[in-house]
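This report concerns a predicted model. It takes up a sheet and its helices, and then the pockets.

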Amino acid sequence: LCNSSSSRLRVMTLHTMRTVTTGNASILNGKEVSKLILAKIKKNIDHDRILCPSFQPNLSIIQVGDNPASSLYIRNKVRAAKRVGIASQHLHLSSATKEPELLDIIRRLNEDPSVDGIIVQMPINSSHPIDISKITNSINPSKDVDGFQAENVGQLAKRDCSEPSMVPCTPKGCMYLLEHYGISLSGKHVVIIGRSDIVGGPLSRMALRRNATVTVCHSRTQNLETFVRMADILFVATGSPKLVKGDWIKPGSVVVDIGITETNERNENQVAPRFVGDVDFEEAKDVAGWITPVPGGVGPMTVAMLLDSVYFNAKRRLDESCE
């Protein structure tokens, strides 16, 4: 399981950004930071093509059945990939797709040397039973840009292994965002609300690797606000709108809101529905020292980290071909 690869973020040189404040809190501006990351990826790809004109990073996205939210997420990924010079193919399969068919498609993508990243978009909407674990674990670990394959998950969990190159994009985006603003986790009490395999679980392991003291809360946690008040750095990923109130938050703490929910509320111009996070932003911004907005915080970072992983694999392929 252990190898020499590192999850050190590949896009390291970013220009200094002006810090925006709201209430007492400074904004962790994922939208702006992600733009810098994507610009750097594009610059790197353009430079690589000068040296090797045929260089082409490739991402394959598999979708089974129809799900409006999934289709929207995929369109956002495809658009962002195109902007930076990454080719993408969207394999949209019918809801009649059976498990052996899906496994065969993944096998072919694993064997295709031109494919640098593979995503199976969740949920899988098939009319036939499909073992999700079997599907995610069938992806080549080095092409698992979502970071869900068992080998990558296991390597992230083991202290004596380097952090894998492929880790879930949302937790990786959270860590990148904090590092960009010079916020260290070392010695801090990190509280994570949510224990999913996609966000909360990987976040806890990444925080431990950065020498934080970590508390993981979830739907069965009693007296949740007591734990929140202890947090130097708070991550919230529950999908429960405005779960965390302003008076729960430790003054001056860092609040990273990963949830996003469409509400019936309208924004000021009454044109579009309003999206809110798991933290009551209007209350929290007067207490926290740093806070992510929703939208415009963690969401854009997730897409940027996905494309960073695809580029990393493509660059590794290019370097190996030149040896």
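Three strands form an open sheet in the order β4-β3-β5, paired in the parallel sense. Because β4 (87-93) and β5 (117-120) stand at the edges with a single partner strand each, one side of each is left without a neighbour in the sheet. From one strand to the next, the twist averages 15 degrees. Strand β3 (residues 58-64) is joined to β5 by four bridges in the parallel sense, and V120 in β5 is the bridge partner of I62.

Helix α2 (residues 68-84) packs on this sheet, where it touches β3, β4 and β5, and its direction makes about 170 degrees with that of β3. Helix α3 (residues 99-111) also lies across β3, β4 and β5, running at about 180 degrees to β3.

The largest pocket holds about 1700 Å³ of space, and among the 49 residues that line it, Y73, T170, I260, G299 and T302 lie nearest its centre. The elements that give two or more residues to this lining are α1 (30-51), α2, β5, α6 (169-180), β10 (261-266) and α10 (298-322), with the largest share, eight residues, coming from α2.

About 240 Å³ of space lies in the second largest pocket, which is lined by 15 residues, with R274, F275, V276, F281 and V294 nearest its centre. Here β11 (273-276) and α9 (281-284) are the elements that give two or more residues to the lining, and β11 supplies the largest share, three residues.

Definitions and conventions: Residues are numbered from 1 along each chain as its sequence is written. This is a predicted model: local features need pLDDT of at least 70, side-chain atom pairs count only at pLDDT 80 or more; totals for chains, interfaces and linings use all residues. Side-chain values use heavy atoms; hydrogens and water are left out. Two strands pair if DSSP finds at least two bridges between them. Axes are lines fitted to C-alpha atoms, for helices over the stretch in contact, and angles run from 0 to 180 degrees between N-to-C directions. Contact means heavy atoms within 4.5 Å. On a 1 Å grid over the protein atoms alone, a cavity is a set of points where a 1.4 Å probe fits but cannot get out, and a pocket is an open set with protein on both sides within 12 Å along at least five of seven lines; lining residues have an atom within 4 Å of a point. Grid points are joined across faces, edges and corners, and a volume is the space filled by probe spheres set on the points.
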